[in-house]
Amino acid sequence: MLPFVLNRSLSHSKLSVKSQPFNLLSGRRKNSGTIQNKNKDPSFERGNQHKTSLNNESIPPQIKIEHKEEREIQIDGKGEREGEKKGEKTFEKKQKLNQFLNDSSLFSNDPQKKAIIDRMIRVNHAGELGAQTIYEGQMRVFKGTPLESTIQEMSDQEKKHLQWFEDLLSERRVRPTVLNPIWGVVGHAIGAGSALLGKEPAMALTVAVEEVISEHYKEQLRELDKFEYSISEEDIQLKKFVQEAHDDEMEHRDIGLHHGAEQTPLYSAFTGAIKAGTRAAIWLSSRV
């Protein structure tokens, strides 16, 4: 009886081994389907479940969260790098714009040309400021008189000139003269003082100042013509302003002569002194 039982047990074990090849993933033997074992081992089922979960690439929720956080950190890092790149590009664009402004045809690589044009704009701005304040001083005295409308018209033209050169100071980064506050006070004083002396002295002041300024503008036009080899749209605009201002100043001179400027006592001495002071103001304004 005992040999029979042992023989039967061994034969059953051989059948089990043949029917269940070893599975490397689960670490257990797999049922091939030819011989089914009705009494399945629970550990064998757990092994199959584990294999199925690996085949489906399922990841526990905790690991999923960790992976998600890692991806978010990577995305944030990428966003920061992209933001830094955008900032660098913006900075580079600003540098290129500044380089373009400094190297444009107006500012040119010719330091002499830049210095001359800067000086022109600076002194023209100062001259138009002084002329406007002269007419404002005269207007205070001649207000309500027949001469008021004439002086007002000339004053309006000077305001237009002043605005031109004020805009050029800003656009072309030119430093204005530090003497502008002084010229404002002096202009009001000599304008009002000449008007208090009478209509003829006031007109003589206009003639003297406008003659010097118109000569100054004519000299600037000749100077700009020397740069014809490097002319630009900005240079053409500047020449247009200077030419129109010159023509208006000549018109003001003629108005002064028409209103009896030459009838002023000691006309030559009076106008000579005014012209000398105007030339000195031009020289100082172009350099200080």
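Trainee: Is leucine 266 buried or exposed?
Mentor: Leucine 266 is exposed, because its relative accessible area is 70% and exposed means over 50%, buried under 20% and partly exposed in between, with a 1.4 Å probe and protein chains only. Keep in mind that this is a predicted model, where local features need pLDDT of at least 70, side-chain atom pairs count only at pLDDT 80 or more, and totals for chains, interfaces and linings use all residues. Residues are numbered from 1 along each chain as its sequence is written, and side-chain values use heavy atoms, with hydrogens and water left out.

Trainee: Where does leucine 266 sit, then?
Mentor: Leucine 266 lies in the loop between α8 and α9, the helices being DSSP runs (H or I, at least four residues; strands are E, at least two) numbered from the N terminus. Its phi is positive, about 55 degrees, although leucine 266 is not a glycine. Most residues other than glycine have a negative phi.

Trainee: And what is the phi of arginine 173?
Mentor: Arginine 173 has a phi near 55 degrees, again a positive value in a residue other than glycine, and this arginine is in the loop between α5 and α6. Arginine 173 counts as partly exposed because its relative accessible area is 48%.

Trainee: Switching to the inside, which residues touch the most other members of the largest nonpolar core?
Mentor: Ile121, Phe165, Leu168, Val209, Tyr217, Leu238 and Val242 do, out of 23 residues in that core, where a nonpolar core is a set of buried Ala, Val, Leu, Ile, Met, Phe, Trp, Tyr and Cys residues joined through side-chain atoms within 4.5 Å. Two or more residues each come from α4 (111-142), α5 (148-171), α7 (199-225) and α8 (233-258), and α7 gives the most, with 7 residues.

Trainee: What does valine 242 touch?
Mentor: Leaving out residues up to four places away in sequence, valine 242 touches Asn124, Phe165, Tyr217, Gln220 and Leu221, contact meaning heavy atoms within 4.5 Å. There is also a second, separate core of 14 residues, including Tyr135, Phe142, Ile151 and Ala204.
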